[in-house]
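Subject: Structure for you to look at

Hello,

Here is the structure I said I would pass on. Please open it first and then read the notes below.

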Amino acid sequence: MRGMGDEARSLAESVLVRDRAAREAAVAAHQQALHRFPELAFEEHRTADYVEQALRSLGLEPKRGVVGTGLIVELPAAGTGPTVLVRADMDGLPIEEHAGHDPRSEHAGRMHACGHDGHMAIVLGIAHAVCRSGLEQALPGRLLLLFQPAEEGGAASPSGAQRIVASGLLDQERVDYVLGLHLWSYLPLGQVIIPDGTVMASSDEFRIVLRGGGGHAAVPHQASDVVLAASELVVTLQSIVAREVDPVRPAVVSVGTLHAGTAPNVLPERAELTGTLRAPDAPTRELLRRRVAEIARAVAGTRGLTVDVELGLGYPPTVNDAQVAARVRDAVRPVFGEGVLSGPPTMASEDFACYLEQRPGAFCLLGMQDPAAGAIHAHHSPQFVIAPRALPLGVELLLRGALALIEPGAGPIEGDARER
Ligand SMILES: [Zn+2]
Ligand SMILES: [Zn+2]
């Protein structure tokens with residue numbers, strides 16, 4: 001006999017228990033296949049063909065052409081409950097993969113070094129689980145699977161998520177909740193972090209160019225000195241985090257490049273600095289952006305220089321809805337037990353943030369550090385490999401989380417607990 005509390009969980013478990021061995025083999029095979037042909041942002045044509053074929057073999061009819069190379073598919077369900085969008089990112093990176101890997105990228109200079117091949121395999125595993133469960137008619141709400149191009153963007157052009165939000169897809173598909181994960185090599189296998197608020201930081205880039213008259217190094221009083229001003233600027237920018245950001249909020253200002261001058265006895269006319277800003281929430285992000293520009297202008301002013309400041313707009317902070325996060329943590333505790341954590345956040349960034357600005361949802365970090373499988377290397381390293389054991393855990397995590405959000409009786413999630 002099951003108690004009342006087991007009813008909701010029993011649907012997820014019933015779905016997951018059927019065809020388990022075949023599903024786990026399929027998920028492993030999908031990751032290995034996708035790993036062989038990584039493609040860069042908005043070039044994921046072969047990847048999209050593969051994903052479409054895998055979904056069609058389950059009897060599904062995915063829609064292609066989501067902001068170019070993306071796909072979306074609705075899983076069969078009879079219920080009229082909430083709609084949950086589960087997202088996988090599709091793109092690889094411009095990295096030459098380590099020669100000893102098997103499977104290894106067959107595209108020279110391209111590599112799935114962030115784990116997005118694993119994310120796609122996991123979400124295909126959700127499709128497999130639902131379609132082979134015989135329980136589609138028991139699903140109380142809609143599950144949409146989104147395969148999103150171009151997560152590895154930057155400030156230069158809009159990413160896949162930024163374009164999808166701008167396209168109005170969340171409204172057209174009547175999405176109530178969004179759910180996603182990242183395999184996380186910095187966390188041991190079997191742990192999962194689902195914070196109540198900030199999961200990841202915003203990431204913006206800046207470029208500052210100082211210009212002055214320059215002159216002979218022997219007569220500095222007749223010249224203007226961009227090198228001195230640039231040096232003051234590097235030091236003064238650090239005072240933003242040290243003296244202006246709330247000390248309990250993590251924030252980073254980093255100057256990554258500094259270029260000026262051609263000779264020891266010449267005061268140059270131009271100095272250029274570039275760097276990045278990372279913040280855990282929108283107000284801190286705005287503070288960093290505003291103060292970098294103000295300090296650059298002030299330092300230039302005191303030295304009689306002109307200054308150009310460019311602030312690129314990168315990804316916003318990734319901020320979970322506290323109630324959704326709590327519900328997903330409860331749903332996955334039967335699998336991860338004490339491994340379910342609510343923090344800490346990381347200063348990396350993610351374009352899933354754009355969905356979370358629009359809808360309540362949760363982004364989960366799934367530990368995949370597994371020394372026995374060689375899964376010890378950082379994301380974006382040529383040595384990066386996914387721990388095979390993490391893949392079925394990813395299916396458990398996202399499917400249990402998604403079903404918990406469309407459960408009848410769980411009630412709507414009230415208000416909007418997101419930190420903005
Ligand atoms: Zn990445
Ligand atoms: Zn990634």
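A residue counts as buried if 20 or more other C-beta atoms lie within 10 Å of its own. Keep in mind that this is a predicted model.

By that definition, helix α5, which covers residues 160-167, has these buried residues: G160, A161, R163, I164 and V165. Just after α5 comes G168, with a positive phi of about 85 degrees.

Next, a pair of helices. Helix α7 (residues 226-243) packs with helix α8 (residues 282-302) at an angle of about 150 degrees, and their axes are 10 Å apart. Angles over 145 degrees count as roughly antiparallel, and α7 and α8 are therefore roughly antiparallel to each other. The crossing of α7 past α8 is right-handed. On the α7 side, the contact is made by A229, E232, L233, T236, L237 and I240; α8 contributes L288, R291, V292, I295, A296, V299 and A300. Ten residues of this contact are nonpolar, one is polar and two are charged.

Last, the domains. The domain assignment gives domain 1 as 4-199 + 317-406 and domain 2 as 202-315. Their C-alpha centres lie 39 Å apart. Eleven residues from domain 1 and 16 residues from domain 2 take part in the contact. On the side of domain 1 that touches domain 2, six residues are nonpolar, three polar and two charged.

Regards

Conventions:
Residues are numbered from 1 along each chain as its sequence is written. Chains are lettered from A and ligands numbered from 1 in the order in which they are written. This is a predicted model: local features need pLDDT of at least 70, side-chain atom pairs count only at pLDDT 80 or more; totals for chains, interfaces and linings use all residues. Domain bounds come from an automatic or database domain assignment. Two residues are in contact if their C-beta atoms, placed from the backbone, lie within 7 Å. Ala, Val, Leu, Ile, Met, Phe, Trp, Tyr, Cys and Pro count as nonpolar, Asp, Glu, Lys and Arg as charged, and the others, Gly among them, as polar. A residue is buried if 20 or more other C-beta atoms lie within 10 Å of its own, exposed if 12 or fewer, and partly exposed in between; C-beta atoms are placed from the backbone. Helices (H or I, at least four residues) and strands (E, at least two) are DSSP runs, numbered from the N terminus. Axes are lines fitted to C-alpha atoms, for helices over the stretch in contact, and angles run from 0 to 180 degrees between N-to-C directions. Angles under 35 degrees count as roughly parallel, over 145 as roughly antiparallel, 65 to 115 as roughly perpendicular and the rest as oblique. A crossing is left-handed if the near helix is turned anticlockwise from the far one by less than a right angle, and right-handed if clockwise.
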